[in-house]
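Let's take a walk through a protein model together. Have a look at it first, and then we'll go from the overall picture down to a few individual side chains.

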Amino acid sequence: MNKWKVTLGIFAVLILSTGYGSVSAQADKQIQFNYKEIGISSKQVIAENTTFVPLKSLADAMGYTLSWDQKSKMAKLVRPEREVIFTAGTATSKVNGAAMALTKSPRIIKGSLYLPLVSAVSVLGGKTALNKTDGVIQIVDEPRFVAASVEGRSYWISQKNANLYYRATAAGKPVIIGQLPLKESAYNHGFEIKKLGNGTDLLQLTDNHYAMFNDFSNSYQVLVQAGTIIKQMDYHYMISAYPHAPQVPSTQVYMTDGKNVQYITKDGGLGKLFEMEKLTGATGDFIVEYAAEDVALVRLLDTTQLYIVYSSTGEIVNLSEQLITSEDRKEWDKVNDDRDQYILSRMLGMKSRKGNVLTFTYTPILEEKAKTVTYTLLAK
């Protein structure tokens, strides 16, 4: 055997001190979740010929909410139709009140509860398989739940059947309150909650990915008040991939479907609705690049035209026409392909806002140096 391989193998094993004797963390065993790398591989430890993984990593991946009782060393995991309890030092778990055995007892390693991977996944409703060709351990969880919580309220979305579940308190059980118009996708979506007033939450399920030189974005938004859906919107678009400059953070909560922009008030109510095709006279999909209480910046994807919308009046200004010089615009129009990566990286974009003055940059087609221009908001 190659002595260098032996040496590397030795250094790949890290001995950790636990209350259960020594365990080793092996960097060469890959663990995937639904055929994707989720970062759990680097957290695994081997003890008594068993692979252990952190409870929180597994719970997050499988869409469980997690609560921990420090005194009893007991973890309670909940997702629709399944409640699971693990206890440190006990090889018996509970699933919806019924006992299920684990191959090894969960154990605390460096302050975190670790579970025996294969039997814990089974208890949690998933399956594991070993690919003998590449040695990858595959965790398969068909419901593909994602979960998020805020102030005791919890939500779950199944990426398999698109059902949306809600739980008002930690003591309650998840109930279905609606369904999302999810398009079938092999990608896992990110799930986040924006807490608004009067017990209202804005849920956003988002998938942004790159494929075949294009950036894809799919987003589903749901406005929920006290377990009742107030409004749903979703958008889907594809653009040529290009280096994105950092955007100025929005300060206004909104929803969009690519055609309309719906402002959400601070107390969680529906505010102004802007119908972009009607306002601009242009057809196609729009994206919101900046939203504030007084104005929004919205771009037409087909032409990269950037518009500013005044929220109080609905008045709209084509900033691309106003801020890019006529000479620069002539060269831009000659190219006649605003989805080209070269063009997209040069388009007009906002860099900063100070009071009523917005600063933008763009790069002319025949030049390499960016130009800086400003726009002062109209007094209202």
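What follows starts with the whole chain and then moves to its cores and its aromatic pairs.

Keep in mind that this is a predicted model. The protein chain has 380 residues, and 48% of them count as buried. If you go looking for secondary structure, you'll find 7 helices and 33 strands. Along its principal axes, the C-alpha trace spans about 75 × 60 × 35 Å.

Now for the inside. The largest nonpolar core is made of 26 residues, and the ones touching the most other members are Leu58, Leu77, Val84, Phe86 and Leu124. Several elements each supply at least two residues of this core, among them helix H2 (55-61), strand E8 (74-79), strand E9 (82-87) and helix H3 (117-123).

Leaving aside residues up to four places away in sequence, Val84 touches Tyr64, Ala75, Lys76, Leu77, Lys94, Val95, Val123 and Leu124. There is also a second, separate core, this one with 20 residues, including Tyr290, Met350, Tyr362 and Leu377.

Let's finish with the rings. The structure holds 5 aromatic pairs. One of them joins Tyr235 and Tyr237, which are stacked at 5.7 Å centre to centre with 15° between the planes. Are these two buried or partly exposed? Tyr235 has 18% relative accessibility, so it counts as buried, whereas Tyr237, at 21%, counts as partly exposed. The cut-off for buried is under 20%.

The pair of Tyr263 and Phe274 is arranged another way: the ring centres are 5.3 Å apart and the planes sit at 85°, so this pair is edge-to-face. Tyr263 lies in strand E25 (residues 260-264) and Phe274 in strand E26 (residues 270-275), so the pair ties together parts that are 11 residues apart in sequence. Both Tyr263 and Phe274 are buried.

Key: Residues numbered from 1 in each chain as written. Predicted model: local features only at pLDDT ≥ 70, side-chain atom pairs only at ≥ 80, totals over all residues. Heavy atoms only, no water. Helix = DSSP H or I, 4+ residues; strand = E, 2+ residues; numbered from the N terminus. Buried < 20%, exposed > 50% of the residue type's maximum accessible area, 1.4 Å probe, protein only. Core = buried A, V, L, I, M, F, W, Y, C linked by side-chain atoms within 4.5 Å. Contact = heavy atoms within 4.5 Å. Phe/Tyr/Trp six-rings, centres within 6.5 Å; stacked < 30°, edge-to-face > 60°.
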